[in-house]
Amino acid sequence: MRILITGASGFLGRRAAAHFRALGWQVIAPAHAEMDITDASEVRRRMLQYKPQAVLHCAAVSDTGACRSDPQGTALINVQGAENVAFACRMLGIKAVLCSSDQVYAGSILPAPHREDELLMPSHAYAQQKLQAERLWLGHCPDGVCLRLSWMYDAVPQPAEHGSFMTMLLTALRDESLPLCLPVYDRRGITDVNAVVSALPAALSLEGGVYNFGAPGGEDTFHTLQKVFGALGLADALARLRPDEQAFAAAPRDIRMDCTRASACGIVFEDTQQGLCRALRAVL
Ligand SMILES: NC(=O)c1ccc[n+]([C@@H]2O[C@H](COP(=O)([O-])OP(=O)(O)OC[C@H]3O[C@@H](n4cnc5c(N)ncnc54)[C@H](OP(=O)(O)O)[C@@H]3O)[C@@H](O)[C@H]2O)c1
């Protein structure tokens with residue numbers, strides 16, 4: 001099989017590319033400069049040249065602050081870019097998988113865990129862009145798949161990689177002079193990126209639609225880590241851990257996902273606490 005992965009120099013894309021290669025797939029991973037997704041004709045030209053049999057679209061601006069400060073510039077990438085890729089996938093008649101986000105549930109007035117089919121009213125630019133991208137994606141490719149990913153981490157970060165939750169955590173665990181302060185008003189799943197990557201080949205066989213695709217979250221970040229440190233016997237870390245009662249206090253966030261749809265298709269993620277325990281045990 002030949003798969004084209006956009007954003008393959010990024011956090012998820014580079015691991016996805018390595019995984020598909022290890023499975024024996026031919027992976028086409030055009031760099032940003034080689035296939036700028038905001039350039040519709042370049043996307044079409046490259047896709048016709050490479051003739052992939054499937055596409056995994058990871059390219060995006062995933063920095064929510066950047067989307068807030070430049071909603072138009074980032075929409076060009078997150079929305080128009082996704083549409084350009086979806087259009088090319090339709091042209092080739094191939095399976096198209098879009099990486100979306102659990103952030104589409106930010107601002108929801110419905111209780112968590114959130115379901116794919118619920119009414120959404122995303123509260124910030126990144127979330128709005130991701131939802132718009134999903135709609136365009138499925139509009140062009142009804143057989144396409146949109147994966148709502150949670151916050152991801154890798155216990156073994158790559159050199160020069162942007163920070164993930166685990167990078168922040170390990171840095172704070174190893175340097176006692178740093179604060180170990182985590183929010184109590186933020187509830188979401190946090191998933192080992194390697195678990196997501198391992199599930200991607202199966203995602204290519206899902207029927208068209210939207211799937212919550214990550215670890216079910218339990219408690220808020222502070223209480224989750226309190227339990228993780230307790231389970232691992234990290235008494236010093238437990239003593240240093242403090243609740244951050246400022247972050248998200250004005251608008252408490254609960255974007256935990258109901259992953260029943262994916263699990264009914266055999267794609268099951270361990271919960272946030274179990275995953276963090278396992279990942280930390282391996283590196284500490
Ligand atoms: N990381 C998370 O925890 C997380 C959570 C939920 C959802 N997601 C979603 O998962 C996907 C992957 O996220 P990530 O963390 O891997 O992102 P990332 O590390 O920021 O990587 C983004 C990738 O997109 C490429 N890119 C940006 N603009 C482009 C353009 N105009 N044309 C072509 N390529 C472009 C970047 O290439 P250059 O660096 O060369 O510009 C980079 O390879 C995104 O859709 C994100 O929204 C991520």
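The following questions and answers concern a predicted model. Local features in this model need pLDDT of at least 70, side-chain atom pairs count only at pLDDT 80 or more, and totals for chains, interfaces and linings use all residues. Residues are numbered from 1 along each chain as its sequence is written.

User: Which element gives the most residues to the shell around the ligand?

Analyst: The ligand is surrounded by 23 residues, where a residue counts if its C-beta atom, placed from the backbone, lies within 6 Å of the molecule. Elements giving two or more residues to this shell include α4 (71–92) and β4 (95–101); helices (H or I, at least four residues) and strands (E, at least two) are DSSP runs, numbered from the N terminus. The most, 3 residues, come from α1.

User: Why is strand β10 described as largely enclosed by the rest of the structure?

Analyst: A residue is buried if 20 or more other C-beta atoms lie within 10 Å of its own, exposed if 12 or fewer, and partly exposed in between, with C-beta atoms placed from the backbone. Strand β10 covers residues 209–213, and it is largely enclosed because the number of its 5 residues that are buried is 4.

User: Is Val283 buried or exposed?

Analyst: Val283 lies in helix α11 (residues 272–283). Leaving out residues up to four places away in sequence, Val283 touches Ala155, Val156 and Leu170, contact meaning C-beta atoms, placed from the backbone, within 7 Å. Val283 has 11 other C-beta atoms within 10 Å, so this residue is exposed.

Definitions and conventions: Contact = placed C-beta atoms within 7 Å.
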